[in-house]
Amino acid sequence: MSETHGQEQSRHEKLAKLQEQGISPYPYRWDRTHTAAEVIAGFDELSQAKTEVKVAGRLISRRLHGKTQFGHIQDSGGEIQLYLRKDTIGDKAFDQLSLLDTGDMVGARGEVFRTRMGEITILVKELVLLAKSLRPLPEKFHGLKDVEIRYRQRYVDLIVNPDARRVFLARARIVSLIRQFLDSRDFVEVETPTLQPIYGGAAAEPFKTRYNVLNQEMFLRISDELYLKRLLIGGMERVYELCKDFRNEGLDRTHNPEFTQVEAYQAYADYTDMMTMVEELFRFLAQQLHGKTEVTFGNETFDLGKPWRRLKFIDALAEKIEADPLKLSQEMLEKAGAKFGLQVTGQPSRAKLLDKLFETLVQDHIVEPTFVMDHPKITCPLAKTHRDNPDLVERFEPVVCGMELGNAFSELNDPVEQRHRFEEQIKRNEEFATLDQDFCTALEYGMPPTGGLGLGVDRMVMLLTNTPSIRDVILFPQLRPQND
RNA sequence: GGGCCGUUAGCUCAGUUUGGCAGAGCACCUGAUUUUUAAUCCGGUGGCCGCAGGUUCGAAUCCUGCACGGCCCA
């Protein structure tokens, strides 16, 4: 056991004294009858009938007054004040209160009343220690601000920062509302492999692992796309999956190596249907969450009730570089990149250069909800060729405040073209290009025309809760290991 | 990958410019206090100043390297 000092030492001493006195610091259960919120909501009835209530939670504050004590306990839905009197709980029990600390889990039994200052309070007849806390909590007034401790010890953050609790409750609500939205449109939720023998569905570096029994290299999925499309081939006309994807890439304000994505595929639809669905989904989420469609993110406020702006990839980029991006050679693209201060590592492909140029020159400056649409064909092997322009694909990315929220296509369902596009990608030496033979085989059985959509749930939560860092919407974000 | 900033008590922070006893508030401990609520009042405890080197009579402070975190750029 590690050495303890100061406040921790004092708590260990109290623990020992409790045990000497035959008081279990870690009893088995407590029959709670009411939550803090229920006591407050039911106050009139409870106080009138002098109903005895049993509450439980973490003791988060104490105010000692000689022969009385006040304190608050916090449970998952709120706080309630406790009032302890020596003449109510008895001399011995009152003396034993000195062995309690803020941070301890306790159960309290008593009657409800309103104090002189008007606060609903429990006059405690019995106070039971439910779990001794051996470490002091951060100070209540300034809270816990050190972001590193907040992320590394999220449990402490959740105890002391109401804002952290608010964001994660909102996240749970958003996830639930996304399911509700899709379920109500007859989408079927499915589960596809996280461990995949070949990765695909995006251009990203995968995490590699090994399945010993098969002596086979495996990958954590970077996307669910190719499995979900197999289900459309199998006759499931509307499917979705809400799960973690993994990308072996950098860490920053909008990237975590494991992140949550919802992917939905709808047979007989195209990307314009997916645009409508995105608009409806965000309108629904904002309305359900905030009671209005106006959303504020940082300094920007916009109305998710309105249709999103449509911005053609090629037009927007052409305006910035003053040339037709489709007609520029590799060398000219590299020159343009250099001109605008782009630093692309390794040997950048044409597709990557176009993407980077667009990101820097256009996407980062987009504020209002926008569908960036009709990308150059080479940037994406899985989208259907544009019905009006053979050099483009029917694809769009929802972007808000420079943040890419997802990706959607009219899904390519021509098996011959699909195989060709994969092969071309590999021939061009695109990073992380793969050819999933079984997926190509599946397509040969016939996939209906399909609209597909992937949305980054973490970023959606950021947007809808006005949280600028992805680490504040992921309970346990990735950090570098501490070495000590 | 590059630049800038941060790391001091359990927590929130001063102190670094100009080297000279390690500080405050809250928390904690002792005492007073039977309707308080950032309770109040008396007295007290608590430090690997992120880590490792260097300069100096003397380093939290100056220099070098490293770690972690944040912001910006790419």
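So, the surface near RNA strand B: by class, that's 15 nonpolar, 13 polar and 17 charged residues. Nonpolar is Ala, Val, Leu, Ile, Met, Phe, Trp, Tyr, Cys and Pro, charged is Asp, Glu, Lys and Arg, and the others count as polar, Gly among them.

Quick housekeeping. This is a predicted model, with local features needing pLDDT of at least 70 and side-chain atom pairs pLDDT 80 or more, while totals for chains, interfaces and linings use all residues. Residues are numbered from 1 along each chain, chains are lettered from A and ligands numbered from 1 as written, and side-chain values use heavy atoms, leaving out hydrogens and water.

Now some polar contacts, that is, N or O pairs within 3.5 Å. A base oxygen sits 2.5 Å from an N or O atom in the Q81 side chain. For the H65 side chain, a sugar or linking oxygen is at 3.3 Å. And a phosphate oxygen is 2.7 Å from a polar backbone atom of R480.

Which element gives the largest share of that surface? α6, with 5 residues. Helices, by the way, are DSSP runs of H or I, at least four residues, numbered from the N terminus.

Last stop, α10, residues 271-290: its 20 residues reach 28 Å between first and last C-alpha. Just after α10, G291 takes a positive phi of about 75 degrees.

Key:
Helix = DSSP H or I, 4+ residues; strand = E, 2+ residues; numbered from the N terminus. Expected span 1.5 Å × (residues − 1). Polar contact = N/O pair within 3.5 Å; in protein donor to acceptor, adjacent residues only side chain to side chain.
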